[in-house]
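Subject: A structure for you to explore

Hello! Here is the structure I promised to pass on to you. Have a look at it first, and then read my notes below.

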Amino acid sequence: RVNGSIAISENNCKCVDGKLPQIFKTTTVIKGLPAFNGYMFLSVDDTLSDKIIDVFLDGCELDCDKDEMRNDIIGELLNTVLGNALVKIDNGIDGVSFGTPHIADFNAIDYLNNKNVFGAMCSTDYGNFSVAYCGD
């Protein structure tokens with residue numbers, strides 16, 4: 001843990017393969033393109049998303065309410081995590097890429113609950129989050 005960071009350990013995560021993990025109000029999704037046919041979700045509770053916003057802003061003042069930035073910042077966090085993961089998994093795999101993050105449509109989440117799901121529920125000192133891949 002470094003100054004302003006949020007520590008996550010394997011001991012604080014539980015796999016929930018086969019069904020969607022808990023979905024919180026702040027949920028973002030990124031679609032895989034084209035060789036990676038599926039969706040990645042990141043869902044964060046309010047207390048953790050408040051801390052994530054504080055870490056992202058690093059002391060800068062806002063001209064708007066935190067709620068206005070919440071989904072954008074959580075979307076950028078998922079985008080960053082996936083971008084870093086691509087460096088690890090893209091050895092020789094053509095066409096692995098992701099679209100842009102957007103706020104999850106809860107009707108789409110219900111539809112994806114019937115797809116192959118691999119996910120985890122995790123906790124931190126600041127709150128809880130879930131991450132999942134849903135695909136064919």
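Let me begin with a term that you will need soon: a polar contact is a pair of N or O atoms within 3.5 Å, where, within protein, one atom must be able to donate a hydrogen and the other to accept it, and residues adjacent in sequence count only if both atoms are side-chain atoms. Please keep in mind that this is a predicted model, in which local features need pLDDT of at least 70 and side-chain atom pairs count only at pLDDT 80 or more, while totals for chains, interfaces and linings use all residues. Residues are numbered from 1 along each chain as its sequence is written, and side-chain values use heavy atoms, with hydrogens and water left out.

**The overall picture**

The protein has 3 helices and 7 strands. Helices (H or I, at least four residues) and strands (E, at least two) are DSSP runs, numbered from the N terminus. Read from that end, the order of elements is β-β-β-α-α-β-β-α-β-β.

Of the 136 residues, 36% are buried. Buried means under 20% relative accessible area, exposed means over 50%, and partly exposed is in between (1.4 Å probe, protein chains only). The accessible surface of the protein is about 8200 Å², and carbon and sulfur atoms hold 51% of this area. These areas come from the Shrake-Rupley method with a 1.4 Å probe, and for residues only the protein chains shown count as cover.

A contact means heavy atoms within 4.5 Å. Among contacts with a separation of 6 or more, 67% are between residues 24 or more positions apart.

**Strand β7 and its partners**

Now find strand β7, residues 127–135, where 7 of the 9 residues are buried. Two strands pair if DSSP finds at least two bridges between them. Strand β3 (residues 38–44) runs antiparallel to β7, with 7 bridges joining them; here Val44 stands opposite Phe129. Strand β6 (residues 116–124) is also antiparallel to β7, and this pair is joined by 9 bridges. In that pairing, Ser123 stands opposite Asn128, and a hairpin through 2 residues leads from β6 to β7.

Ser43 is in strand β3. It counts as buried because its relative accessibility is 0%. Its side chain makes a polar contact with the side chain of Thr27, at 2.7 Å. Leaving aside residues up to four places away in sequence, Ser43 touches several others, including Gln22, Phe24, Asn128 and Phe129.

Asp45 is found in the loop between β3 and α1 (46–57). Which backbone nitrogen does the side chain of Asp45 reach at 2.9 Å? That nitrogen belongs to Leu48. A polar atom of the Asp45 side chain also lies 2.8 Å from the backbone nitrogen of Asn128. With residues up to four places away in sequence not counted, Asp45 touches Phe24, Gly127 and Asn128.

**Charged pairs**

Side chains of opposite charge can pair when their charged atoms come close. A salt bridge is a side-chain nitrogen of Lys or Arg within 4 Å of a carboxyl oxygen of Asp or Glu. How many salt bridges does a search of the whole structure find? It finds 2.

One of them joins the side chains of Asp46 and Lys25, at 3.7 Å from N to O. Asp46 lies in helix α1 and Lys25 in the loop between β1 (13–15) and β2 (26–34), so this pair ties together parts that are 21 residues apart in sequence. Asp46 is partly exposed because its relative accessibility is 35%, whereas Lys25, at 59%, is exposed.

Arg70 forms a salt bridge with Asp50, and their closest N and O atoms are 2.9 Å apart. Since Arg70 is in helix α2 (residues 66–89) and Asp50 in helix α1, the pair ties together parts that are 20 residues apart in sequence. Arg70 is buried, at 7% relative accessibility, and Asp50 is partly exposed, at 27%.

Asp45 is buried yet has no salt bridge: the nearest side chain of opposite charge is that of Arg70, 7.9 Å away. For this search, Lys and Arg count as positive and Asp and Glu as negative, while His and the chain ends are not counted.

Enjoy looking around!
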